[in-house]
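The sequence and structure come before the details.

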Amino acid sequence: MAAIENAPRRLRDNRDFRFWWGGTVLSAIGDEVTLIAFPLLVLFLTGSPTHAGLVGGVAAVPPLLLSVPIGVLADRTSRRALMLGGSVVSAISITSIPVVHLLGELTLPHLYVVAFVNSVAATVYRIADTAALPRIAGEEKLGEAASQSETIWGISAIVAPPLAGLLFETAGPTSPFWIDAVSFVAIMVCVLAIRARLGADKPYPEVSWRQDLTTGARVTLSRPLVRALTILTVAGDFLFAGIGLLLIVMVRENGASGLETGTVFTAAAVGGILGSVLAGRVEDRIGMIPAVLTKHWLTAALFPLLLVDLPGWATGLVWGLISFQISILNVIQMKYLMSVIPNSKLGRVEGFLTFIEQGSLPLGYALTGVLLGLLGTTSTLLAYEAVLLVLAVFATVSRGLRTPAHPDEPARSSG
């Protein structure tokens, strides 16, 4: 009882959570800065859009190859050590870019290697970080913690792009990497300052690779609601992987300026932040399952507005409203997963989810580009809308969404 009575009543009063929040903010902003700075630097050095795209492709490989085994390690070793190790490796690899550039020896192969290594380290950090969050926040604060986690990504989407561009133009092409490298040192300080035990109690369970590599998939697929939510999420990730490309082409065809084009994505980030803030209230008011259905039907209803010849600001408003819906559902789903998946298996589940979600992104992006080339903007938007309607119907008729608990677990309220 003493532990409960002494627990912080508000999440912001939780010392460990404040350090987690600071470290995760820095990690998210650093990831976004690097994501933008890499292609800018490649274009600066080579003038080749092909190589700029391939660097991003190289960074997409580690989540596909390593997410599942990393998830096993997050449940079978020290999550703190994984987070620190990922930060150290990222700091070293990212620092090598400006250092080698100062020496006049920066080459394209070096950038490819750093992109791959940094992606490995970032994947390790993200999976261990997510699996550690319930231990830091506590069961009673999972909803608020999920909301803060989603807010972090909205903040990074607003802050990182202009920061990376400004540094690149004013302080030199490798200056964003200096900032990113310094952020990793701050992340390490934050992780070391967290007092809570982040993983399993010692001694850690022995790794059985044959069984552990499939645990995340088995746990996810054995729970009807988790399975249904995963199908909807992966399908949505696949569909919206290329939405940025689609929106850029669409607003430019409508005569939008560069500034107006940028505001579309700013509106999306603002909508995401607002959605993360209000997600708890939405869930309390209508419950999780109605929130899932509302999100999919409202998204399907809003998306056709993009077929109208809208000015840039109006397109941003529509996409901001859609992002608002997506963010609400992301928070609710994250809270549910953290509450229903045992913490001892959360790393493996997160590894499996990262694998299938990340695996859908390159294919979805490529498909959007192909559709735009073959069919044009209007037909591509119609194809998107058709898929959104299918997802809304699936959410409505899915048996999994009417079975909110694992058969072996007590039923949980969806509210």
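The sections below take these topics in turn.

## Basis

This is a predicted model, in which local features need pLDDT of at least 70 and side-chain atom pairs count only at pLDDT 80 or more, while totals for chains, interfaces and linings use all residues. Residues are numbered from 1 along each chain as its sequence is written, and side-chain values use heavy atoms, without hydrogens and water.

## Annotated spans

An unreviewed UniProt entry lists several spans as "transmembrane region", among them residues 51–74 and 381–397; such annotations may be inferred rather than shown by experiment. Residues 51–74 are 96% helix, with end C-alpha atoms 33 Å apart. Residues 381–397 are 100% helix, and their end C-alpha atoms lie 25 Å apart. Helices are DSSP runs (H or I, at least four residues), numbered from the N terminus.

## Salt bridges

Seven salt bridges are found in the whole structure (a side-chain nitrogen of Lys or Arg within 4 Å of a carboxyl oxygen of Asp or Glu). Arg 348 in helix H15 and Asp 75 in helix H4 are 273 residues apart, and their side chains meet at 2.8 Å, N to O. Arg 348 is buried at 5% relative accessibility, and Asp 75 is buried at 1% (buried is under 20% relative accessible area, exposed over 50%, partly exposed in between; 1.4 Å probe, protein chains only).

Lys 335 and Glu 283 form another salt bridge, at 3.5 Å, N to O. Lys 335 is partly exposed at 26%, whereas Glu 283 is buried at 8%.

How values were computed: Helix = DSSP H or I, 4+ residues; strand = E, 2+ residues; numbered from the N terminus.
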